[in-house]
Amino acid sequence: MGATTAAAPLRLLWFQASGCGGCTQSLLGAESRAGVFAQLAASGIELVFHPAVSEASGDEFLALLADAAAGRRPFDILCVEGALLRGPQGSGRFHLLSGSGRPVIDWVRELAAQARYVLAIGTCTAFGGINAAGDNVTEACGLQFDGEAPGGLLGERFRAASGLPVINVAGCPTHPGWVVDTLLSIAAGALGADDLDAWQRPRFYAEQLVHHGCAKNEFYEFKASAQKHSDLGCLMENMGCKGTQAHADCNLRAWNGVGSCIRGGFACIACTEPGFEEPGHPFMETPKVAGIPIGLPIDMPKAWFVALAALSKSATPKRVRENSRADHPVVAPALGKGRPK
Amino acid sequence: MSRRLTVGPFNRVEGDLEVTLDVEDGRVAAARVNSPLYRGFEQMLVGKHPLDALVVVPRICGICSVAQSAAAAAALADASGLAMPDNGRLAHKLILAGENLADHLTHFYLFFMPDFARAQYAGRPWHAAVERRFRATTGEAVRELLPARADFLRLIGYLAGKWPHSLALQPGGTTRAVTPTEKVRLLAVLRDFRAFLEGPLFGDALENVAALATPDALRAWGTARSSDFAAFLAVAADLRLDMLGRAGDLFLSHGAYGRSADCLFARGVWEQGIAQLAPFDAALVAEDVSHAWLAGGAPLPPLHGETQPLAGGGLNDCAEKPAAYSWCKAPRYEGRVAETGALARQAVDGHPLARALLAEAGGGNVEARVVARLLEVARLLPAMEEWVRALAPGAPFCAQWTLPDEAQGVGLVEAARGALGHWLRIERGRIAGYQIVAPTTWNFSPRDAAGTPGALEQALVGLPVGADEKTPLAVQHVVRSFDPCMVCTVH
Ligand code: SF4
Ligand code: SF4
């Protein structure tokens, strides 16, 4: 015991590129008895700098950053939050770092070259995210991906000093637990290249589907679907839910202690996936061909899905059907005869 | 002796901000406020399904994401003439109040107070205690605030699934009905948070804080107890924060929590010079782009506004428009600069303390802005308790929205940091125009065509700058007193 805390702490530098700050706001809500900063400190991670909470400002911060970028001030972990704006025409002028007159993308390239671990905090930083929606006028991309295409700002071959590629803690926002678990795994020496999926996301949350543990499971089984907002039924058939395709553990680990998108009554829009920002259809409607959703559950052959859906629809209990179309349970499960067997 | 200082980045400010100061004889003679980031959200929305705005706009800003959702939902409802059921209205108010309350505390504890823990203030009688409590990231108050805040955000977990970036707020209400037991639990969440507020923050009942009516009563209250708010009042008195950061005379509020007729905090425009309240008229808002790196001529009302970046030129200038220095537009009300935020909200609503603090100093100032924010905390939580009690499980939470083919709508709400407006045009069932005027666009606007500086630009003039100060402390206090949100500004 104590091995990780007795060793020199890992120095963490947090840098904000073009994001909404929501991943930091989300992180501040991490569940921990004395807050996330105390938890990181106790786990052997020293927060050298975070733009939303650290004391240094203006020239003090620029000096610190310049030292870090030039290798004069060693640090271990670089967390970047926000998309990288290359526009217009690759100049980076759409986002200059205040007070420095230099494009943020230049700072990020230099800082990444000095870090042992580079984390992309949120989908913007991993893939470009919401900034890349529409015509992507700002030429936004992620650190090592441009949407689904490998490359991004740092290039496909980038490796941090630890040998790992960018660790994509994707999510819009990312869950505080995803960030904390990733950082604690690094501090414990328990995060290697094999622990990342093909999109370089930590497998501990990216090898789950949002569908896993969804409270609407019975509605799903019987294809008892919500028809309109606030209905209790499954959101897949009509309301645009991509929970059966999206990689994340959102219904296994609570958001804000008690919630999730689907517990909140609205669709999963697959915010952990590259390209989620342009689904090619209105977000809150399920795209269908001949009445069948085109986005089928991962690992499920279409013929099976169609056959099972038809069968389960024909077998839907009255309770499940009626509750699926109301905003509160209108029919309670019957009491069985005798004890459950 | 005169010199020019470029100050930035500002930490503990949401987003990127740069301020250029002309300093003469140790004082700021002129200030220019620059938002060095352009994000293009308004362009991104054109052509999309109108309800997709509910996905896109919260992601403008992580700290006011619910306010953005609420404004979009209000604009969409306005466009189709839809009214919410009572439960939906209550849930909207609760979710927005939850965000705004959390933001006020985040601002006070994490963004604003740590500046007084700085070594530069060592030796002031209050410094040791403030340093122990408010030191950035490691102060003891941070260890208390974060868990209290996380527990409080369960309110949004129950009502809206998650924070930030929820899709629960819809034009017709919310997607999530609460059960009778959840109602009980929501009251428990509020009770826990009340205990934090009445403990470390105020050291007194919320109702007593909300009833403070004069500056004298406030200061007497502060000296009579030890609490985080009392600590701020002691700092403010010692450093004369009431004399720091006066902007203009016009204070604007869209009115908060409810329809304009029956909202908790009234809608209106307060004119400090003549101590008069006027109704707010959205038609009197126009945005000027004379000093922004954006294409356009005369000021436009937001409904017909455009956002086209000027991409030519070098890194820090723009050949097409040499006068420009920001990506931020300059909104004006009847052609005039306005300040918005908790102080404006409370002054417009007629709270005697907010009005008296303004009168005493002759205008807005650092102390009054912070006091108004905490006063609002004390007024808001009891209102939230009422709203939870009024929820009626079983009755509907959401009316159905239907897509109009051609329509326009305006959504006016109050984010923690002030007035937020969305102006929407729908043509052929798609978004044809979407313009956002955010609170910090008002407060941190650049100059307009007449050369009139924005509110912060005015508030910085006259501030002391020490001979070797590169990031003057007084400037930081004034900037943070507005609780700026630059990511909203530069949407
Ligand atoms: S499809 Fe969506 S709503 Fe339906 S069960 Fe799966 S995750 Fe839940
Ligand atoms: S449920 Fe889907 S949209 Fe919601 S946070 Fe999880 S992955 Fe993102």
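Predicted model: local features only at pLDDT ≥ 70, side-chain atom pairs only at ≥ 80, totals over all residues.
Me: How much area do domain 1 of chain A and domain 2 of chain A bury between them?
Reply: Residues are numbered from 1 along each chain as its sequence is written, with chains lettered from A and ligands numbered from 1 in the order in which they are written. Buried area is the accessible area (1.4 Å probe) that two parts lose on being put together, summed over both. For these two domains, 58% of it is on carbon and sulfur atoms, and the total is about 1500 Å².

Me: Which three residues supply more than any other three of the area that domain 1 of chain A buries against domain 2 of chain A?
Reply: Together, the three supply 34% of the area on the domain 1 side. They are A:H175, A:W178 and A:R201.

Me: How far apart are the C-alpha centres of the two domains of chain A?
Reply: Chain A is divided into domain 1 (10–204) and domain 2 (208–327), with bounds that come from an automatic or database domain assignment. Their contact (heavy atoms within 4.5 Å) takes 23 residues from domain 1 and 17 residues from domain 2. The distance between the C-alpha centres of the two domains is 32 Å.

Me: Which residue does A:R201 meet in a salt bridge?
Reply: A salt bridge here is a side-chain nitrogen of Lys or Arg within 4 Å of a carboxyl oxygen of Asp or Glu. The rule finds two across the interface of domain 1 and domain 2 of chain A. At 3.2 Å from N to O, the salt-bridge partner of A:R201 is A:E273.

Me: How many residue pairs are in polar contact between chain B and chain A?
Reply: The interface of chain B and chain A buries about 6600 Å², 57% of it on carbon and sulfur atoms, and has three salt bridges. A polar contact is a pair of N or O atoms within 3.5 Å; within protein, one must be able to donate a hydrogen and the other to accept it, and residues adjacent in sequence count only if both atoms are side-chain atoms. With both residues at pLDDT 80 or more, the number of pairs is 26.

Me: Which residue of chain B meets A:E278 in a salt bridge?
Reply: Between the chains, 84 residues of chain B are in contact with 80 residues of chain A. The salt bridge has an N to O distance of 2.6 Å, and the partner of A:E278 is B:K48.

Me: How many residues of the shell around ligand 1 are nonpolar?
Reply: Among the residues around ligand 1 are A:H211, A:C214, A:C234 and A:C241. By class, Ala, Val, Leu, Ile, Met, Phe, Trp, Tyr, Cys and Pro count as nonpolar, Asp, Glu, Lys and Arg as charged, and the others, Gly among them, as polar. Three residues of this shell are polar and one is charged, and the nonpolar count is seven.

Note on methods. Heavy atoms only, no water. Near = heavy atom within 4 Å.
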